[in-house]
Every structure is written in C-alpha cells, then in structure tokens.
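Here's a quick briefing to read with the model open beside you.

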Amino acid sequence: MLDLLPRPVVIAHRGASTHAPENTLSAFQLAIEQDADALEFDVQLSSDKSVVVIHDHTLDRTTNGSGRVKDKNLDVIQSLNAGHAYGPAFSNEKIPTLDEIFDKFRKSTFYIIELKNTVTPFDDLPNRIALIIKNSGLLDRVLISSFNPVALYKLERLLPDVKKGLLLHSPLSVELSSHVSVFPFSYQSVHLSFYALNARRIKSFQSKGKLVFSYTLNHPRDIQTALSIGIDGFFTGDPALARRTLGKYYNKH
Ligand code: G3P
Ligand code: CA
C-alpha cells in the first residue's frame with residue numbers, strides 16, 4: 001500500500017493541525033476532508049500501558065492537565081480537554097487512543113505512526129503497538145517511524161512485515177545515513193527535517209530504494225522547494241494549503 005500512495009504523498013502532520021487541535025480525532029477527520037493521503041501522529045504509553053496519541057511527554061501544552069503522560073492512567077488522560085486552546089468548537093476533544101483512530105478511520109487512509117518513546121527507549125511501546133496493529137487488520141496501511149532506533153529494531157522482530165521509516169533531524173545524521181546504512185533493521189522511508197534537505201541527499205537515499213519524506217512544510221515556498229529537489233512526500237499541518245500549492249506548482253512545471 002505504501003508503494004501505491006500518490007506522489008508526492010501529502011501527510012497530515014498531527015492531523016490538519018493548523019486548523020484543529022493537534023493529534024485529535026477532529027484534526028484527523030479534517031485532514032481526510034482536506035484530501036490528505038496519510039495521517040501522521042505520535043504515540044506513547046500511559047501508566048497502565050494504553051497507547052495514547054500525544055506529541056509532548058507532558059500534558060501541559062496541549063491539554064488542561066499537567067504532568068507526564070507516562071505517569072497518568074488512561075482514565076485520567078481521557079478526562080482531559082485536548083482542544084481547550086482552540087475555543088468552544090473543540091471543547092469536547094479528548095486525547096485519542098490508537099485503537100480509537102483505527103476504529104474510526106479504518107481503510108479510509110494510511111497511517112504514519114511515530115513512536116515517541118525517546119525518554120523511555122526500552123519501554124513496552126513496540127510490543128503494544130505490534131499487538132494493536134496485528135488485531136486491527138490494517139498492517140498494510142501502517143508505517144512506523146521513530147527517532148528511537150531501538151523501537152524500530154524491536155518492531156522488526158515483533159512484526160517483520162510492518163513498514164518502517166527512519167526519522168533524521170540533524171544534517172550530520174542525514175549525511176551519514178545517506179552514505180551508510182548502520183541500522184540492524186529494514187526501513188522503506190527516511191523522514192528528514194526540511195533544514196537537512198538537499199537534492200544530493202534525496203537522490204542518495206532514493207538510489208538505495210528509500211522514499212524520502214520531509215517535515216514540516218506549512219509554507220508554499222517550502223513545499224515548492226522540496227518538490228523542485230525531488231521529494232517523495234511531505235508532512236504538513238495544512239493539507240488544503242498543500243493541495244492548492246501542488247496544483248499551482250504542476251500547472252507551471
Ligand atoms: O514525523 C515527522 C515529525 O512529526 C517529527 O517531529 O517533533 O513533529 O514529532 P515532531
Ligand atoms: Ca511526529
């Protein structure tokens with residue numbers, strides 16, 4: 001399924017997070033309405049080992065709660081308001097679980113799931129994720145990404161057929177990985193910070209059979225730059241803006 005996605009792949013970053021509270025069901029619903037090809041979101045474990053969808057390791061920025069995600073159980077996490085900063089229209093927004101996202105969107109999209117267990121790199125997140133994906137019947141619609149190579153290695157052993165994407169932030173890590181593959185697991189894509197992107201690095205990864213995606217492109221100028229140097233897809237908080245930008249770009253080229 002990853003190979004069948006249109007190019008460039010428009011990936012909704014934390015959902016349509018420019019227009020709705022990030023990593024919520026409303027943001028994902030809006031992303032699909034805005035014609036995103038895939039949904040990106042971040043997952044972590046609660047204290048009772050539920051897989052919850054939230055970017056930060058603490059609850060403070062995106063909810064009316066506070067404290068670390070890993071110290072709170074699911075009931076507490078889901079009692080919080082995850083849309084309060086966006087006003088009354090989103091006042092019922094909760095932090096979703098991975099199961100809830102799969103149940104709601106099923107085969108209507110493709111899922112790029114980022115394992116955010118960098119502060120707890122050896123936790124049970126890979127085991128929990130592998131189980132949920134197995135039970136969901138959506139294996140072919142999932143790509144797992146992480147800055148934590150331990151998590152990707154574990155995933156490979158638990159679920160050998162799951163697609164994986166390597167997240168690389170610094171120019172040095174991008175440059176190194178474009179020359180040598182030092183990781184003991186397979187991966188089908190690399191996800192590069194926009195600031196570490198250049199045409200040579202993109203070609204180098206593509207010549208090794210990897211798809212190259214870039215984050216996070218919310219400005220038409222950045223999207224045009226990435227397209228002009230051969231990107232395969234990009235993460236954006238505004239899929240509608242991305243579609244308009246692609247339309248104009250391909251009219252000219
Ligand atoms: O997956 C790309 C991007 O989401 C990685 O950075 O901090 O937005 O999770 P961050
Ligand atoms: Ca992310």
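A residue counts as buried under 20% relative accessible area, exposed over 50%, and partly exposed in between, using a 1.4 Å probe and protein chains only. This is a predicted model, where local features need pLDDT of at least 70, side-chain atom pairs count only at pLDDT 80 or more, and totals for chains, interfaces and linings use all residues. Residues are numbered from 1 along each chain as its sequence is written, chains are lettered from A and ligands numbered from 1 in the order in which they are written, and side-chain values use heavy atoms, with hydrogens and water left out.

Helices (H or I, at least four residues) and strands (E, at least two) are DSSP runs, numbered from the N terminus.

- Arg 106 isn't a glycine, yet has a positive phi of about 35 degrees.
- Arg 106 sits in the loop between α3 (98–105) and β4 (111–115), and at 33% relative accessibility it is partly exposed.
- Asn 23 is another non-glycine with a positive phi, here about 55 degrees.
- You'll find Asn 23 in the loop between β1 and α1, where its 2% relative accessibility makes it buried.
- There's a cis peptide bond from Arg 7 to Pro 8, with omega near -10 degrees; Pro 8 belongs to the segment before β1.
- The bond from Tyr 215 to Thr 216 is cis too, with omega near -20 degrees, and Thr 216 lies in the loop between β8 (211–215) and α8.

**Pockets and the cavity**

- Some terms for this part: on a 1 Å grid over the protein atoms alone, a cavity is a set of points where a 1.4 Å probe fits but cannot get out, while a pocket is an open set with protein on both sides within 12 Å along at least five of seven lines; lining residues have an atom within 4 Å of a point.
- Grid points are joined across faces, edges and corners, and a volume is the space filled by probe spheres set on the points.
- For residue classes, Ala, Val, Leu, Ile, Met, Phe, Trp, Tyr, Cys and Pro are nonpolar, Asp, Glu, Lys and Arg are charged, and the others, Gly among them, are polar.
- The largest pocket holds about 220 Å³, and of its 16 lining residues, Gln 44, Leu 45, Lys 70, Thr 120 and Asp 123 lie nearest the centre.
- Searching the whole structure turns up 1 cavity of 30 Å³ or more, and the largest cavity has a volume of about 60 Å³.
- Asn 23 and Val 53 are among the residues lining the largest cavity, whose lining has 5 nonpolar, 4 polar and 2 charged residues.

**Buried spots in strands and loops**

- Contact here means heavy atoms within 4.5 Å.
- Val 53, in strand β3 (residues 51–53), is buried at 1% relative accessible area.
- Beyond its neighbours within four places in sequence, Val 53 is in contact with residues including Asn 23, Phe 28, Phe 41 and Ile 101.
- Leu 143 lies in strand β5 and is buried, with a relative accessible area of 0%.
- Leu 143 and Tyr 111 are 32 residues apart along the chain, but their C-alpha atoms are separated by 6.2 Å.
- Asn 148, in the loop between β5 (142–146) and α5 (149–158), is buried at 5% relative accessibility.
- Outside four places in sequence, Asn 148 is in contact with Asn 117, Thr 118 and Pro 121.

**Helix α9**

- Helix α9 (residues 239–252) has 14 residues and reaches 20 Å from first C-alpha to last, close to the 20 Å expected at 1.5 Å a residue; the expected span is 1.5 Å times one less than the number of residues.
- Its buried residues are Pro 239, Leu 241, Ala 242, Thr 245, Leu 246 and Tyr 249.
- Seen down the axis of α9, these buried residues fall within an arc of 145 degrees, so they line one face of the helix; the arc is that of the directions from the helix axis to the C-beta atoms.
- On the face turned away from the buried side are the exposed residues Lys 248 and Asn 251.
- The buried residues of α9 pack against β1 (9–13), α1 (25–33), α8 (220–228) and β9 (233–236).
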